[in-house]
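Grab a pencil and work through these exercises with the model open beside you. Each one has a task and then a worked solution.

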Amino acid sequence: MAHEAQIETAKTHFGKILEEQLARVERLKQQPDWLDFSQIKPIKIGMIGGDGIGPTIAIESQRVLEYLLRDQVQSGKVEFRTIEGLTIENRAAHLKSIPDDVLDQIKECHVTLKGPTHTPEKGDGWPNLESANVGMRKELDLFANVRPVRIPAQGIDWTFFRENTEDMYAVGSQGLNVTDDLAMDFRVITTQGSERIIDAAFAHAKRTGKDSVTIVTKANIVKTTDGKFLDIARRVSERYPGIKWEGWYIDIMTAALINPQRQKQFQVLALPNLYGDILTDEAAQIQGGVGTAGSANIGKRFSMFEAIHGSAPRMVTEGRAQYADPSSMIRAGAMLLEHIGFPELGAKLHKALDVCGQYEKNIVMTGRSNGATSSQFGDYLMQTVEDRGLEAKWEGYVKAG
C-alpha cells in the first residue's frame, strides 16, 4: 500500500490526540461552582505587563483601577499584585508558554489583568512556543472569551461569547505533515464545551435584559462539529423561554456586522473559537479599532482580562511606547470590575471611556509624539470618571449621535 508507513504514523499521532481529548471530556463533566466574590476577602487582582507596550499600558490600567477601588483597597477587600515573568524572553528561556513559577503566581490570584504577549511565528527567531493566551486558557480552563462592542450613537451594543478552549485552537499546535504534500490539522468540539459557552451567553442575555442570542457557525458545510454546536444551542435555548435565538453562518455574519440595516438587531452572540477570533476583531474595528476593545477570559475558578491587540514591538524600538493607547486594557479593567462585584464602577468606567475616546476627544491618542501619552490619557479618564455630570454628558452624546 502506498504511504503505509505514513498512514500508520498518522494513526498513532491521531490516536494520542483522541485519548487526550476524551480524558478532557471526562474532566469537563466535573465542573466546579462559580466563585462568589461577595464572600472573598481580599479579592486578589494580578497585574501582568507582558511584552512590548504591555508594561506601559498595564501601569496606566492599574493606576486607573486603584483609583476607582481606593476605598476597597483601603478596607482590605481588594489587593493588587504584580506578576513578573510572562515575557517572551522568560518564556523562551524556560521553553514554556507559561513558566511554572509565573503560573503559580497567577493561580494565587482570583483574577488577572494582562497586557499583550508576543506569540512566536516561524522565522522570528523565537522558539516555537504556544501562545501564552492559549496556555492560560487551557491551564486555568478559561472557557468563555467575552468581548463587548458598544457604539451607543449607532445603537450597537454587542456582546460576543467566543468559546475559548476548543475548536482549531485546542489542538492547533498538534497538526501533522502526513507526507510532504499532505498537511492536516484537527478540530475539537465537545458537548460539554459547547453547552457551557452557549449557556453563559443565554444567562448573560437574561441577566442584562436582552431578548436575543445569535449562534454563529458554518453548520451547513461543517456538519459534524458545527452541527453539534448548533444542536446544543437548540437544547440550551429551551431553558430560556423568554429569549429568542437564531443561527447565522459565519460568512454572511461578517457582512451583516457592517450593514447599517442589520447592525442593531444583534445583541448577544455565541460562536466557536476560530469564528469568534475573526468576528470579534472585525467588530472591534467597527468600534474604532482593536485598541479600543477589551476582552474577558472567564472560567468558574479563575478569570483573565486583557487588551485584545498585539504587543506593538515597533513602538518600543522606535521609542514611542509612552504614546501607546491604554484604552483596550482599561476597557478590560472595566469588565473586571463588573465581574468581581462592582458593576456600578465598571459601568462608570465604560461610560468615561466612551466619552473620552468616542465623543469629547479633548486629548487624542495617535501612538506618536503628536498625540497624548498613556499617562495623559489616564489623567483625562480619571477626571472624567469623577465628573458629577458624567451620566448626563454620556446620555447627551448618545442622543446627539
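**Exercise 1.** Sort the lining of the second largest pocket by class.

*Solution.* Start with the classes: Ala, Val, Leu, Ile, Met, Phe, Trp, Tyr, Cys and Pro are nonpolar, Asp, Glu, Lys and Arg are charged, and the others, Gly among them, are polar. Sorted that way, the lining has 10 charged, nine polar and eight nonpolar residues. A quick note on the model: it is predicted, local features need pLDDT of at least 70, side-chain atom pairs count only at pLDDT 80 or more, and totals for chains, interfaces and linings use all residues. Residues are numbered from 1 along each chain as its sequence is written, and side-chain values use heavy atoms, leaving out hydrogens and water.

**Exercise 2.** Find which residues lie nearest the centre of the second largest pocket, and which element gives the most to its lining.

*Solution.* First, the centre: look for Thr119, Ser131, Asn133, Val134 and Tyr169, out of 27 lining residues. Next, the elements giving two or more residues are α6 (132–140), α10 (273–287) and β12. Of these, α6 gives the most, with three residues.

**Exercise 3.** Work out whether α6 is largely enclosed or open.

*Solution.* Take buried as under 20% relative accessible area (1.4 Å probe, protein chains only). Ala132, Asn133, Val134, Gly135, Met136, Arg137 and Leu140 pass that test. That is seven of the nine residues of α6, so this helix is largely enclosed by the rest of the structure. Now check its ends: a side-chain oxygen of Ser131 lies 3.1 Å from the backbone nitrogen of Asn133, capping the N-terminal end. Just after α6, Asp141 has a positive phi of about 55 degrees.

Methods. On a 1 Å grid over the protein atoms alone, a cavity is a set of points where a 1.4 Å probe fits but cannot get out, and a pocket is an open set with protein on both sides within 12 Å along at least five of seven lines; lining residues have an atom within 4 Å of a point. Helices (H or I, at least four residues) and strands (E, at least two) are DSSP runs, numbered from the N terminus. Buried means under 20% relative accessible area, exposed over 50%, partly exposed in between (1.4 Å probe, protein chains only). A polar contact is a pair of N or O atoms within 3.5 Å; within protein, one must be able to donate a hydrogen and the other to accept it, and residues adjacent in sequence count only if both atoms are side-chain atoms.
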